[in-house]
Amino acid sequence: MMPDGDIVLEISVIQIEYTIEFYVDGVCVFSMTGHYGDIVLDPGLKNPEIFDKESDENYRYVFKGWDHEITNITGDAVYTAVFEAIPLEGNQVTQKFGILN
């Protein structure tokens, strides 16, 4: 049997906010917050200079990507830049052992 009159149903939804951080050499270069399922865009698409890593006396550094795939938000996440160290011309440093020849 249905009750007489209207039925009012109130629903409250609380969205949890998550933090997404991108690090280059231990420094957070970009941070954002969002909710479950939100799209995370690679910050380097708009700001490629965040990938700049200065050469040192032995190597130049080339950005290779992030330590894991960028996905939609499922919780707090940290992405760390991965660089390839390329020996400078004329420098005979071996990457494997870090020994000067």
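Visitor: What is the relative accessible area of phenylalanine 22?
Guide: This model is predicted; local features need pLDDT of at least 70 and side-chain atom pairs count only at pLDDT 80 or more, while totals for chains, interfaces and linings use all residues. Residues are numbered from 1 along each chain as its sequence is written, and side-chain values use heavy atoms, leaving out hydrogens and water. Buried means under 20% relative accessible area, exposed over 50% and partly exposed in between (1.4 Å probe, protein chains only). Phenylalanine 22 is buried, with a value of 0%.

Visitor: How is the ring pair of phenylalanine 22 and phenylalanine 30 classed?
Guide: The whole structure holds six aromatic pairs. Rings of Phe, Tyr and Trp (its six-membered ring) pair if their centres lie within 6.5 Å; planes under 30 degrees apart count as stacked, over 60 as edge-to-face and the rest as tilted. Here the centres are 6.0 Å apart and the planes stand at 55 degrees, so the pair is tilted.

Visitor: Which class applies to phenylalanine 63 and tryptophan 66?
Guide: Phenylalanine 63 is partly exposed at 24% relative accessibility, whereas tryptophan 66 is buried at 13%. Their ring centres are 5.4 Å apart with planes at 70 degrees, so the pair is edge-to-face.
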